[in-house]
Amino acid sequence: MSKTETKDAKAATKVEKKVEKKEDKREDKKGDKKEAQKEDKKLKEVEKEEEKRKKKSKEVEVKVEATILPLPPDGQIIETYWIKEPYSRIHIATIPDRGGAYGYFVEEIQLKPEERRSLMKLVDILGKELEPPETSDEDAKMHIVNESRRLMKKYRGALGNISEDSWKKLEYYIERDLLGFGPINSMMLDTKIEDVSCDGVAKPVYVWHRKYESLPSNLTIIDKELFNNFIIKLAHFSGKHVSSAFPIVDAMLPGRHRLAATYGEEISPSGSTFTIRKFREEPYSVVDLIDLGTINERIAAYFWLVLENRLTVMTMGGTGAGKTTLLNALANLFKPGMKIVTVEEIAELNLPHDNWVQFVSRESYGLGQNKIGSISLFDLVRTSLRYRPDYIIVGEIRGEEAFVLFQAMATGHGGLSTLHAENLDYAIKRLTSPPMNVAPAYIQLMNVAAIVERVYLPKQLHGIPFGRRIRHIWELYKYAKTKTIAEWDPVTDTYRVNVEESDLLKELTMRTGRPADAYLEEIARREEVLRWMRAREIRNVRAVAKVITQYYQGARPPPKAEAVQVTPPSLIS
Ligand SMILES: Nc1ncnc2c1ncn2[C@@H]1O[C@H](COP(=O)(O)OP(=O)(O)OP(=O)(O)O)[C@@H](O)[C@H]1O
Ligand SMILES: [Mg+2]
């Protein structure tokens, strides 16, 4: 036998022995096999449970946490105010790293580690065991708080002993995360904020502050998944769907805030994005706009007469200039009883009138051209004509609905709309080009055009260096002729108003057999009513609408509004 053969033989015997041993062992263990399998199964189940638990606790954490930077130690605090004392407040402070630019710092009450753990567990339990309210009248907030207390008692062992102080903090976070907008809730509750937006993952959430304009906040959402879940939550809040297949959502959030958001990286490489235009619970009335300097009494009185005569008005301007707000405030001036139909993509308009039909377009989730069930603004404007409206208000014209709106205006309906355009020239170009395709001969059917703009003021008003102003008002006539009715002077922050030039009102007055300038007296009278309202701080839209109704019933303010000390019997209910 050669050396190698011996080696091979030895190795073979070794292997054989090993196999034998293994087989022996298998034989030995055969009886315990079932037992082992059972244990294996159990172990796997435990592992699975553990995995699930880990995943869940991560989810809970996701719901509660986002990155919030503290105030920079060397930053200077400019202003501090409470959102919900003593739980949440805002600091406007300088950020040295950004060259001293201002930032918006949300400061919320902090949880101790054990409180955080209890909160995470409680939110988790609530997710599984929350009972629906017994009646639909029950206040959602109270219901969740009561349910939380019930579950807290039930799971006292797991949640630990929660003191009344800690409980108040937990209540704050439960309300913030389950009923509110989670990490951006303080911004949403801050009445000084107009817009909340975020451009992507790991980018700061920005706010648009009434006093300080655009400010980066101390909140950043770093986790991609967290951001995606947040967008899904916002979409669900609005009763809409968002996903990789349908990554754009345009919707109205509870509280009537307007949401535009994108999901994941499908169409926005930096991840999900959102922008929320906050809704004002109490819309600006025409008297508010006079107070803010956006218009003055004479201009408002002019619009009042224009709207009574079913002339058409378009408010124009850039993004966020205040077009919709102006439109809404003008709608305050309608003669009571006028039938109004509003057509919008997102229901932003808020009118105090009873005789008001509100239509909102509907999207469909079909792919490509196959959008079964979608109802466009075009469809709605066409339908609105059957309601025989005195006025059709289209929230914003962008597409083929412009064509129908102008057709409606040509058949004697009043029209009111906003249009995204920085000046009258652009507006006319947009209107006469695809997809709006309004015939140039129809442009004069837009009787009055007003441009509204965000401008810097020569002198601060209410401590704010900028404001919204109607920069220009034109009347439009045949053959592309226009006349300036009012113009804003940026040096003095005043208006040059030329209602005497109004050919439209002259013509309408003459039709009634009165002298051409008789309307000027009416404008002066209405100016006086507006001044009277302002002096008496009647600014709520309903209160303003009431005075307007009384005006049509023959009530008049006293001769000089400034002199109003005694309640004039005619304008008091
Ligand atoms: N005259 C005003 N004075 C003060 N704030 C105003 C005024 N008009 C509008 N705002 C505020 O500005 C924000 C934008 O207003 P609005 O929605 O009317 O603008 P918009 O031009 O219609 O915007 P978009 O282009 O997005 O449709 C709102 O938060 C609103 O409260
Ligand atoms: Mg608008």
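1. First, a term: helices (H or I, at least four residues) and strands (E, at least two) are DSSP runs, numbered from the N terminus. On that count the chain has 17 helices and 19 strands. Keep in mind that this is a predicted model, where local features need pLDDT of at least 70, side-chain atom pairs count only at pLDDT 80 or more, and totals for chains, interfaces and linings use all residues. Residues are numbered from 1 along each chain as its sequence is written, while chains are lettered from A and ligands numbered from 1 in the order in which they are written.

2. On confidence: pLDDT is the predictor's confidence in each residue, from 0 to 100. The chain averages 86, and 85% of the residues score at least 70. Residues 57–65 fall below 50, yet beyond near neighbours in sequence this stretch has 16 contacts in the model (contact: C-beta atoms, placed from the backbone, within 7 Å). Residues 561–573 are also below 50, with 19 such contacts. Where pLDDT is low, the predicted coordinates should not be read in detail.

3. Now the ligand. Ligand 1 is surrounded by 17 residues (C-beta atom, placed from the backbone, within 6 Å of it). The closest are Glu194, Gly322, Thr324, Thr325 and Arg468. Helix H11 (residues 323–331) gives the most to this shell, three residues. By type, the shell has three nonpolar, eight polar and six charged residues. Here Ala, Val, Leu, Ile, Met, Phe, Trp, Tyr, Cys and Pro count as nonpolar, Asp, Glu, Lys and Arg as charged, and the others, Gly among them, as polar.

4. What about the interior? Of the 573 residues, 33% count as buried. Buried means that 20 or more other C-beta atoms lie within 10 Å of the residue's own; 12 or fewer is exposed, in between is partly exposed, and C-beta atoms are placed from the backbone.

5. Which residues of helix H12 (residues 377–385) are buried? They are Leu377, Leu380, Val381 and Ser384. These cover an arc of only 100 degrees around the axis (taken from the directions from the helix axis to the C-beta atoms), so they sit on the same side of H12. Their cover includes strands E12 (340–344), E13 (356–360) and E14 (391–394), plus helix H13 (401–410). Leu405 touches Val381 as well as Ile392 and Val394, among others, not counting residues up to four places away in sequence.

6. Pro435 deserves a look. A cis peptide bond joins Pro434 and Pro435, with omega about 0 degrees. Pro435 is in the loop between helix H14 (424–432) and strand E16 (448–461), and is exposed, with 12 other C-beta atoms within 10 Å. Leaving aside neighbours within four places in sequence, Pro435 is in contact with Gly399 and Glu400.

7. Other backbone spots to check: Glu85 and Pro86 are also joined by a cis peptide bond, omega about -5 degrees. Ala202 is not a glycine but has a positive phi of about 65 degrees; Ala202 is partly exposed, with 14 other C-beta atoms within 10 Å. Asp493, likewise not a glycine, has a positive phi of about 55 degrees and lies in the loop between strands E18 (482–489) and E19 (494–497).

How values were computed. Contact = placed C-beta atoms within 7 Å.
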